[in-house]
Structure formats: C-alpha cells, structure tokens
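Dear colleague,

I am handing over the structure we spoke about, shown just below. My notes on what turned up in it follow.

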Amino acid sequence: MSPDSQPTAASPEARESRRFGRRALLTGGAAGAGLGAALGFGAALGIPGLRDTPTARAVEFGGESLPCHGVHQAGITTPPTAHQRYVAYTLRPETDRDALTRMFRILTGDIEGLTSGVAPLADSEPELAARPARLTITIGVGQTLVERVDPELRPKWLAPLPKFSRDRFSGSYDGGDLLVLLQADDPLPLAHAARMLDRDLRSFATHSWTQQGFRQAREAEADGTTMRNLMGQVDGTINPRPKDEDFADLVWLTGSGTASDGNPGWLAGGSALVFRRIRMELDTWDQIDRPGREQTIGRTLSDGGPLTGGSEHTPVDYEATNEFGLPVVPAYAHIRRARSEDPGERIFRRAVNYDDGGESGLLFACYQRDPLSQYVPIQERLDELDLLNEWVTHTGSAVFAILPGFTPERGLGATLLT
C-alpha cells in the first residue's frame, strides 16, 4: 500500500503481534513477567478489549491515521501537515552493526504503532497516542551510520555540502547520524511520539539537535495552497508534483547503480534529503517597501504571481522588459537565480516556517536523487547573486539518506543491514 493512501487503520491483530515480538526482544523471560506485573498485562501488551483501539473510534478530524508501509516511507509526498519536528542523533561509539539491527527493529515496531494510534510498550500515557492526527514518522541516516555498517555502501553525496558564502553555522543545527522527522496536524501526538522514539534510541545514540516547524493549520486554507513564509511570500510555487511523469526520476532512487555513482542498491525506494535552517532578518526586511520586496523575489506578494503578469502558476516571461528596456524580472531576483535550463536540476521542496521567539525563518528541506547535481547548482547560483541574501542567513545544514519504505515483514533499514 502506498504511504499516500487515504487515512486508515492497520490490522489490530498484526499490531499486537508486532508489539509482543518487540517486548520479547527488549525484556524476555522473568524480566518481561516483572514488567507485565508492574503495568498490568493488558496495558503492557495492548490486548484488545482492555484498551481502546483505533478501530473502535470513528475516524474524525484529529483521529485519522495514515499507513506507514509502502515502497517509500510516509511523510515525503504525503500531504503536508501543520506541524513538523526534525530530531537528529549522534550514534554512541559502541553502536555497531548488530546494535543498529536491534535499533531499527525497535523503531519499526513503534512507528507502526504510533502512526496507527497504538501506544508503544510501557507507555504510561497511552491516551496521548490514541489520536495520531495524520502522524507520519520518516527516518534518515547520515554518513557515519552507513559507514558503521560498511564504508563501501556510502553514496558520494552522503556528506556535508560544499561551503557557501552565506553559511554561518554555529554547530547547533548541523549534521547528524540519524534523523527522525515527525509530522502531524496536532502538536500533542507529535510531541508524544518524539518522546517515545527518543526513549527507544537512548541506548544507541545521543540527542544532537531538534528543530520545530509549522505552516498554516489544516483547513485554514484550501488543500493544495502554496504556503506562505514569514516574509509574507508565497513559498514554493515551482515544485515538482508526485503525479508528474518525471517526478520519480527526480526524487526516488532506483538502486540500479553503485555507491560511487550515488545510487546504491540498498537505497532503492529511498531519497536524498538536504536540510537547511535559514534565518530571516525580518527587522531589516520590514524596512523595504512593497515594490522593493517584489523585485527581490520576482513575484507579487498578494498572490505570488510573476511580475510579468498573471496568477501564481502563470509561466514567468523572463524576456519581458519595461518601458526603459530593463528586464521586468531583474537579474538578481530570487526566481531568476533559482531557475535552471536543465530539467534534471530540480528538487522537491518541503519547507516549513520556524519561530523560536527571538529568531524566525525557514526550515528548508528538499528531496532528490543526488544533491550534488540537483541542489548544489541551484544554491551556487543563489549564493552568487540573489538579492534575497541581504535578508537571509543559512545557520544549519545536514544531508541524510532517507531509507526506503518498509513492510510488516521487512522492517526499516533491512536493505542496509542485510
């Protein structure tokens, strides 16, 4: 089943079987009996009838669950949700290949449960998991994790990006060996799921950084509406769509190549994620008049239409000139600098806003087959001449290999570890 299917619920019997297998893995024998006695076997094992299950509740706003199984992980092309949280981890020195196998087995079981509204093992607040609000959990791996398994398996693009002139990294939002991306329409199940998975990972990794993002609340605007960033811009108009004929060629890895050409077999069905934290200098942006802001971007602020006329999705006429013979879309405009004549030099954007109180900006994320040939050329052009650089600063960066999708029989990370 595709991760982009309509909201549904997984089989309760299958979920309970997986939960029991994970419990045996973690506790075993007398220890397991002790845990069951402490919690009550019904709560510890999640026996139907002793605790409410998703199938016993009407599927309504906030109660919807999305399938987590499929060729690709959920959360990439799934319709955007109102809240996102990126959590990165650094592997402990002792976490070897065998430990990674155990780690992914545990993650698989809890992701299956949490996304379908079933609380993880020994969850003392199971009610917080009961309404998943379209929760998806997407897992990515960094350079070091792959090299722990086998250095020969690392694709060449799975490494820090080249340095750009606008990069001002503090080390607080950079890199990572493991990424957990949580998305939901409600921050409560999202926060709860993040805590449950953090508990899973404590024996294997230490927390590196967390970044929380948001966009307009669900049903606050029509489905498919392009989001606005905190500069007031319609953000991400030109973006490949999953239904486009060439979408798969841009985003999904086929596993038909080798690590040296960036397309190793273990990543078939996965993708490459570039993550950038971009601070917006809103105080100085506020000093620019509206025409100046629109010239900077190349689009109107009212509806995102190009300065050459039309509405948001009207093609831009880059040859148009004004009464003085000057380009209507200036050479330094953001949309002109981001544009490429190469159709393969495109990325699939999934950006959200962030606001940490004293700082605001964009959590920019994009998926592609190869960041070196897709994202980097775009960013090099922006870095060179984009006038928007006067009001944005890149303060964090990471690259992750997004694992292929998984099934109840073949869990997360199986292609990497077998």
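**Two loop residues with positive phi**

Ala-122 sits in the loop between H4 and strand E2 (136-141). Please keep in mind throughout that this is a predicted model. The phi of Ala-122 is near 60°, a positive value in a residue other than glycine, and at 30% relative accessibility Ala-122 counts as partly exposed. Arg-134 is found in the loop between H4 and E2 as well, and Arg-134 has a positive phi of about 60° although it is not a glycine. Arg-134 is buried, with a relative accessible area of 11%. For context, most residues other than glycine have a negative phi.

Thr-95 is buried, its relative accessible area being 2%, and, leaving aside residues up to four places away in sequence, it touches Leu-100, Arg-148, Ser-203 and Phe-204.

The axes of H4 and helix H6 (residues 187-201) come within 10 Å and cross at roughly 160°, which makes H4 roughly antiparallel to H6. The crossing of H4 and H6 is right-handed. On the H4 side the contact is made by Met-103, Ile-106, Leu-107, Asp-110, Ile-111 and Leu-114, and on the H6 side by His-192, Ala-193, Met-196, Leu-197, Asp-200 and Leu-201; by class, these are nine nonpolar, one polar and two charged residues.

**Nonpolar cores**

The largest nonpolar core has 72 residues, and those with the most contacts inside it are Phe-104 and Ile-137. H4 supplies the largest share of this core, eight residues. Not counting residues up to four places away in sequence, Ile-137 touches a set of residues that includes Ile-111, Leu-114, Val-180, Leu-182, Ala-193 and Leu-197. A second, separate core of 21 residues includes Phe-247, Trp-252, Phe-348 and Tyr-367.

**Helix H11**

Eight of the 11 residues of helix H11 (residues 375-385) are buried, so this helix is largely enclosed by the rest of the structure. The buried residues of H11 are Tyr-375, Val-376, Pro-377, Ile-378, Gln-379, Arg-381, Leu-382 and Asp-383, and what covers them includes strand E5 (271-280), helix H10 (334-338), strand E8 (360-368) and strand E9 (392-402).

With best regards

Conventions: Residues are numbered from 1 along each chain as its sequence is written. This is a predicted model: local features need pLDDT of at least 70, side-chain atom pairs count only at pLDDT 80 or more; totals for chains, interfaces and linings use all residues. Side-chain values use heavy atoms; hydrogens and water are left out. Buried means under 20% relative accessible area, exposed over 50%, partly exposed in between (1.4 Å probe, protein chains only). Contact means heavy atoms within 4.5 Å. Axes are lines fitted to C-alpha atoms, for helices over the stretch in contact, and angles run from 0 to 180 degrees between N-to-C directions. Helices (H or I, at least four residues) and strands (E, at least two) are DSSP runs, numbered from the N terminus. Angles under 35 degrees count as roughly parallel, over 145 as roughly antiparallel, 65 to 115 as roughly perpendicular and the rest as oblique. A crossing is left-handed if the near helix is turned anticlockwise from the far one by less than a right angle, and right-handed if clockwise. Ala, Val, Leu, Ile, Met, Phe, Trp, Tyr, Cys and Pro count as nonpolar, Asp, Glu, Lys and Arg as charged, and the others, Gly among them, as polar. A nonpolar core is a set of buried Ala, Val, Leu, Ile, Met, Phe, Trp, Tyr and Cys residues joined through side-chain atoms within 4.5 Å.
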